Amino acid sequence: MTTTTTPRAAVGAAPRSRPPAGEKPLVTFEQANRRLKWALLAPALGFVGLMIVFPLAFTINLSLTDAFGAVNAGNAYVGLQNFADALTDTRRFWPAVGRTVTFTLGAVVLETVLGLALAMLLRKAFRGMEIVRTILMVPLLATPVAIGILWMLILDPTNGIANHLLGFVGIPPQEFLGSVSQSLPTLMLIDVWQWTPMMTVLLLAGLTTLPEEPEEAARVDGANVWQRFVHIILPMLRTTILTALVLRGVDALKTFDLIYATKGPGGGSDFEAETLNVYAYGLTFDYQEYGLASAVLVLFTLFIVAIVVVLRRRTERSAS
Amino acid sequence: MSAVTTPAPSGTPARVPQRIVARRRSGPQRVFGALRAVLIVIVCAVISLPIIWMIAAALKTNVQVTDPTVGLAFTPTWDNFRNVLADGVLVQSLANSLIIGVVSTALSVVIAVPAAWAVGRFRMRRTGSVVLVARIVPAISLLVPWYYMFAQLGLVGSHLVLILSHMFVSVPLILWIMIGFFEGLPVELEDAARTDGLSAFGAFLRIALPLAAPGTASAAVLAFIFSWNNFIFALILADERTMTMPVLLFNFMSYASTDWGGLMAAATLMTVPVLLAAVFGQRYLVAGLTAGATKG
């Protein structure tokens, strides 16, 4: 962000350089403003702070105890035992990490590629543009739980329309969410259906801000569509793509509604769709393993923060 | 914060159509255009058919709904809607979702819009970036402490606790959208008003706030929809009396997984506000979403 001197900054600097006499309104103004801005900020920041600071401290504290069954009765501090337990657990924890990474990477990469293709497809104005944009809005505003249940009907192994349609092209019926091996890929595809439009909307917004001249110049120089896309548009769109990746990536890592609604506790009988979020939820609310669950959540949060920090650093570098 | 704003005040009008019309099309260009049209139609079909399938299923009998050969050729019946709307628990949940959505959004607008103006006008981007934290932290890591905290206050299961938890999503969302919006408003107008004797707060109230009405509206609609869609907070913090629609839908499915018609009717009812928002507010919502895209 470049800092240009706006009239506001000039007003802020003025009182110091000018003699106070005759400029009374502006001086008291800036002083009053200091109080005003905090008065306006306090409710919002105070609320978010209250809802997050104590809870995070509480969770971090719990992660160091052997809390089980109750959060406040007779818990002993066990140091980093919960973290050690989680990090050495190859039955539930590491597979959940793997699924979280697989789900997020698979879904977000597909959503970015398809979203970019779709944004390019819709970039130039055409008749019916408004209708297409309206249709794009529906999945990304729809309730994830309702979407999950809808896809359960569509993908029902015996009565679903999906297998019926696959039959027309000679593909045998699939188990989809009913099978251990297909659950995660199926969930990824549902996620792609729901969130590709989101990527498209974000990237389309980025595309409309790009200057047209570089592309025109390349066209005149004889670059074909693909060359113009790879060498002109992609580099200019880098910041928008990275920003969209951060937004979607964070949400994809935390995907809960869709998975829990379609696969239930533990992500299925074989934990086949159990991501970190679903695992932590089960530990907390089904098993009351508050200590261990808190440790998993602390690790999960650190993991997300690390990814955001890395991606944002990239974004800043590409923006400058 | 500064990095995670899309450089795009979208909702931008379509770019100069006359150029396309004016240019005479060569053969390959026409083929390209036709191919593009076909692709666009396919994409629209892929996106909208599942939703159409849901609405169709809601209008089918229970025999038709589990028979994939029926397709879209059937005589619609309102029985499913009649049945679910005769269910007191469902109507109660619908009302809960509405109340919680409206109240949490209204309260969030009241505290977040002035804060966004303060952040935007007084260049407090660092302070504003606090909202980022609220978007990153997994909701589950807050639920146990919230439950504990609100249980001490005797609030678990109340509407209030759900409103507060949903505000935790909508306050940062509205802040996020409106900071960008206020930064885009020319400060000169407010400066002029102040020179004419208004206080800074007066300038906010009489100049900035009215100008920000479209942005506030889109932020509010998005906040309502995120509240409407929210599942996990009500899953833990609500009781049977205050249960919201997503939780009801989830329970409904676990108990009566065979009643697809009823499930789809309930899911369709849930999707109505979303469809209304998409049809009437598409342009504004895009501007809001590109500024603050989150799912809660």
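This is a predicted model: local features need pLDDT of at least 70, side-chain atom pairs count only at pLDDT 80 or more; totals for chains, interfaces and linings use all residues.
Reader: Which backbone oxygen does the side chain of B:Arg121 reach at 3.0 Å, and how do I read that?

Author: A polar contact is a pair of N or O atoms within 3.5 Å; within protein, one must be able to donate a hydrogen and the other to accept it, and residues adjacent in sequence count only if both atoms are side-chain atoms. Here the side chain of B:Arg121 reaches the backbone oxygen of B:Leu185 at 3.0 Å. Residues are numbered from 1 along each chain as its sequence is written, chains are lettered from A and ligands numbered from 1 in the order in which they are written, and side-chain values use heavy atoms, with hydrogens and water left out.

Reader: Is B:Arg121 buried or exposed?

Author: Buried means under 20% relative accessible area, exposed over 50%, partly exposed in between (1.4 Å probe, protein chains only). B:Arg121 counts as buried because its relative accessibility is 5%. B:Ile225 is buried too, because it comes in at 2%.

Reader: What is B:Ile225 in contact with, beyond its neighbours within four places in sequence?

Author: Contact means heavy atoms within 4.5 Å. On that rule B:Ile225 touches A:Leu141, B:Val274 and B:Ala277. Its C-alpha atom is also separated by 7.6 Å from that of B:Gly101, 124 residues apart along the chain.

Reader: How do I read the size of an interface?

Author: It is often given as the accessible area lost when the parts come together. Buried area is that loss (1.4 Å probe), summed over both parts. Chain A and chain B bury about 9,800 Å² between them, 75% of it on carbon and sulfur atoms. In residues, 108 of chain A are in contact with 109 of chain B.

Reader: How many salt bridges does the rule find across the interface of chain A and chain B?

Author: The rule wants a side-chain nitrogen of Lys or Arg within 4 Å of a carboxyl oxygen of Asp or Glu. It finds one across this interface. B:Arg283 pairs with A:Glu130, the closest N and O atoms being 3.1 Å apart. As for polar contacts, there are 13 residue pairs across the interface of chain A and chain B, both residues at pLDDT 80 or more.

Terms used: Buried area is the accessible area (1.4 Å probe) that two parts lose on being put together, summed over both.
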